[in-house]
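Me: Could you take a close look at one part of this structure for me and walk me through what surrounds it?

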Amino acid sequence: MPKMKTNSGAKKRFALTGSGKIKRKHAFKSHILTKKTKKQKRNLTHTGLVVSVDVNSVKQMLCMK
C-alpha cells in the first residue's frame, strides 16, 4: 500500500502543541480591516484550538491517524 500524503493546505494552517492539541489561526484577519473594530482585530490575532468535533478530520489530513 502506498504512503499517505499529507494535505498541503492543512500542514500550512495547523500546528501541534506540546500536549498534542491542534492550534489554528482565526479567519477574517487578512484584508478589509478598515471596517473592523480594534477589539475585533485584536481578538482575531490570538490563536485558537481546533474544536473537538473537527480534531479527527484534521488529524487525518495531517496523516496522524
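Reply: Let's start with glutamine 40, which is found in helix α2; helices here are DSSP runs of H or I with at least four residues, strands are E runs of at least two, and both are numbered from the N terminus. This is a predicted model, where local features need pLDDT of at least 70, side-chain atom pairs count only at pLDDT 80 or more, and totals for chains, interfaces and linings use all residues. Residues are numbered from 1 along each chain as its sequence is written, and side-chain values use heavy atoms, with hydrogens and water left out.

Glutamine 40 counts as partly exposed because its relative accessibility is 38%; buried means under 20% relative accessible area, exposed over 50%, and partly exposed in between (1.4 Å probe, protein chains only). Between the C-alpha atoms of glutamine 40 and arginine 13 there are 21 Å, with the two sitting 27 residues apart along the chain.

Now for lysine 36, in the loop between β2 and α2 (38-45). Lysine 36 is buried but has no salt bridge, and the nearest side chain of opposite charge, aspartate 54, is 20 Å away. For that label, a side-chain nitrogen of Lys or Arg must lie within 4 Å of a carboxyl oxygen of Asp or Glu; Lys and Arg count as positive, Asp and Glu as negative, while His and the chain ends are not counted. What the lysine 36 side chain does reach is the backbone oxygen of histidine 31, at 3.3 Å. Neighbours within four places in sequence aside, lysine 36 is in contact (heavy atoms within 4.5 Å) with Phe28, His31 and Lys41.

Key: A polar contact is a pair of N or O atoms within 3.5 Å; within protein, one must be able to donate a hydrogen and the other to accept it, and residues adjacent in sequence count only if both atoms are side-chain atoms.
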